[in-house]
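Please keep the sequence and the structure open while reading.

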Amino acid sequence: MRRFIKASVITVIAVIITGCVINVTPGNLIYQSAKTEKLNLTRFKEQAFKDDMSVALKAVSLTSEQGHTLRGIQALYHGAKSNILLFGGNGMTINESANIVHRFGAIPANVIWFDYPGAGISDKPVKLDPEAMMTDALAIYDFAAEKLRNDKPFIVHGIELGSAVAANIALQRNPDGLVLEKPIVNLSQLINDNSPGWSGWFTRIKLSPKLAAVDNAYQVGSYRGPLLILVGEKDLTTPPKYSQVLYRVSPAENKNLVVVEGVGHDKLMKSPIAVDAYKTFVAGL
């Protein structure tokens with residue numbers, strides 16, 4: 001997410017001289033790694049040792065409809081109370097996020113997480129297409145539901161831009177619960193809120209039709225299953241007002257919005273308040 005925001009600001013500055021329209025496409029919005037990485041399980045094991053956690057780790061993979069390989073990690077924690085399928089934020093990659101995965105181990109919960117196409121350890125697709133990415137996400141859900149088949153609740157968890165992916169999956173697959181962490185409402189609002197205020201005098205942002213179609217308020221407003229929304233009070237990137245919109249439109253009977261006091265964008269799941277809220281949510285499924 002932070003990589004995207006930094007890039008968008010640079011783009012704005014570059015076009016101010018001519019007062020151009022900024023065309024936001026999947027190619028310049030969705031983070032892509034310079035090259036496909038190899039999964040670094042050693043980092044996860046070292047972090048687990050540091051966090052004093054008992055976990056079984058292994059690499060997982062599947063082939064997308066487009067023919068490229070999607071890769072991820074499966075983490076099975078001792079005493080797990082639930083299963084979580086995680087969809088990360090834009091620019092979040094598995095190799096850089098061992099500490100994030102282990103935060104869910106503190107619940108404790110089993111986790112499966114795949115890098116998005118072209119990011120981290122997943123292969124680049126021939127064409128970066130949001131609709132194909134949603135198809136990939138459905139395949140990942142089906143894969144994870146089969147791998148983690150047990151008597152524990154199955155939760156889909158989305159972070160930042162991944163909240164839109166998770167909500168879409170929840171509508172189509174009906175998991176036991178949906179968790180949105182630092183969620184977005186739509187991409188237009190996100191980009192405008194994270195661009196310099198003075199840039200609006202000189203430029204206009206135009207989203208490609210497929211990106212403009214991303215409407216998380218509609219998705220959450222159509223989802224009736226159990227819902228937990230987590231956000232930091234001092235989050236300036238995906239501020240609490242986004243979460244409040246999603247909470248208001250949700251028709252779910254079992255829903256909770258937790259705004260963690262004094263916490264910013266990057267340390268939300270390190271908060272005992274967030275972890276306790278997650279435990280309570282799981283216990284109620």
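## Basis and conventions

A crossing of two helices is left-handed if the near helix is turned anticlockwise from the far one by less than a right angle, and right-handed if clockwise. Helices (H or I, at least four residues) and strands (E, at least two) are DSSP runs, numbered from the N terminus. The structure is a predicted model, in which local features need pLDDT of at least 70 and side-chain atom pairs count only at pLDDT 80 or more, while totals for chains, interfaces and linings use all residues. Residues are numbered from 1 along each chain as its sequence is written, and side-chain values use heavy atoms, with hydrogens and water left out.

## Helices H3 and H4

H3 passes H4 in a right-handed crossing. The axes of H3 (residues 41-50) and H4 come within 9 Å and cross at roughly 50 degrees, where axes are lines fitted to C-alpha atoms, for helices over the stretch in contact, and angles run from 0 to 180 degrees between N-to-C directions. The two helices are therefore oblique to each other; angles under 35 degrees count as roughly parallel, over 145 as roughly antiparallel, 65 to 115 as roughly perpendicular and the rest as oblique.

On the H3 side, Arg-43, Phe-44, Gln-47 and Ala-48 meet Ala-98, Asn-99, Val-101 and His-102 of H4, contact meaning heavy atoms within 4.5 Å. The residues of this contact divide into four nonpolar, three polar and one charged, with Ala, Val, Leu, Ile, Met, Phe, Trp, Tyr, Cys and Pro counted as nonpolar, Asp, Glu, Lys and Arg as charged, and the others, Gly among them, as polar.

## Helices H5 and H6

The axes of H5 (residues 130-147) and H6 (residues 162-173) come within 10 Å and cross at roughly 60 degrees. That angle makes H5 oblique to H6, and the crossing of H5 and H6 is right-handed. The contact is made by Met-134, Ala-137, Leu-138, Tyr-141 and Asp-142 on H5, and by Ala-164, Val-165, Asn-168, Ile-169, Gln-172 and Arg-173 on H6. Sorted by type, the residues of the contact of H5 with H6 are seven nonpolar, two polar and two charged.

## The buried face of H10

Which residues of H10 are buried? In this helix (residues 240-249), they are Pro-240, Tyr-242, Ser-243 and Leu-246; buried means under 20% relative accessible area, exposed over 50%, and partly exposed in between (1.4 Å probe, protein chains only). Seen down the axis of H10, its buried residues fall within an arc of 155 degrees, so they line one face of the helix; the arc is that of the directions from the helix axis to the C-beta atoms. The elements that cover these residues include strand E7 (177-181), helix H7 (187-193), helix H9 (216-222), strand E9 (227-232) and E10.

## Backbone exceptions in loops

Most residues other than glycine have a negative phi, and most peptide bonds are trans. Glu-160, which is not a glycine, has a positive phi of about 55 degrees and lies in the loop between strand E6 (154-159) and H6. With 4% relative accessibility, Glu-160 counts as buried. Asn-174 also has a positive phi, near 55 degrees, and is placed in the loop between H6 and E7, but at 58% relative accessibility Asn-174 counts as exposed.

A cis peptide bond joins Ile-107 and Pro-108, with omega about -10 degrees. Pro-108 belongs to the loop between helix H4 (98-105) and strand E5 (109-114).

## Buried loop residues

Met-92, in the loop between strand E4 (82-87) and H4, is buried, with a relative accessible area of 16%. Not counting residues up to four places away in sequence, Met-92 touches Ile-100, Trp-113, Asp-115, Ile-159 and Glu-160. The C-alpha atoms of Met-92 and Ala-119, 27 residues apart along the chain, are separated by 8.3 Å.

Ser-208 occupies the loop between strand E8 (204-207) and helix H8 (209-212) and, at 16% relative accessibility, counts as buried. Leaving aside neighbours within four places in sequence, Ser-208 is in contact with Val-24, Thr-25 and Pro-26. Ser-271 lies in the loop between strand E10 (255-260) and helix H11 (272-283), and its 8% relative accessibility makes Ser-271 count as buried; with the neighbours within four places in sequence again set aside, Ser-271 is in contact with Val-260 and Val-263.
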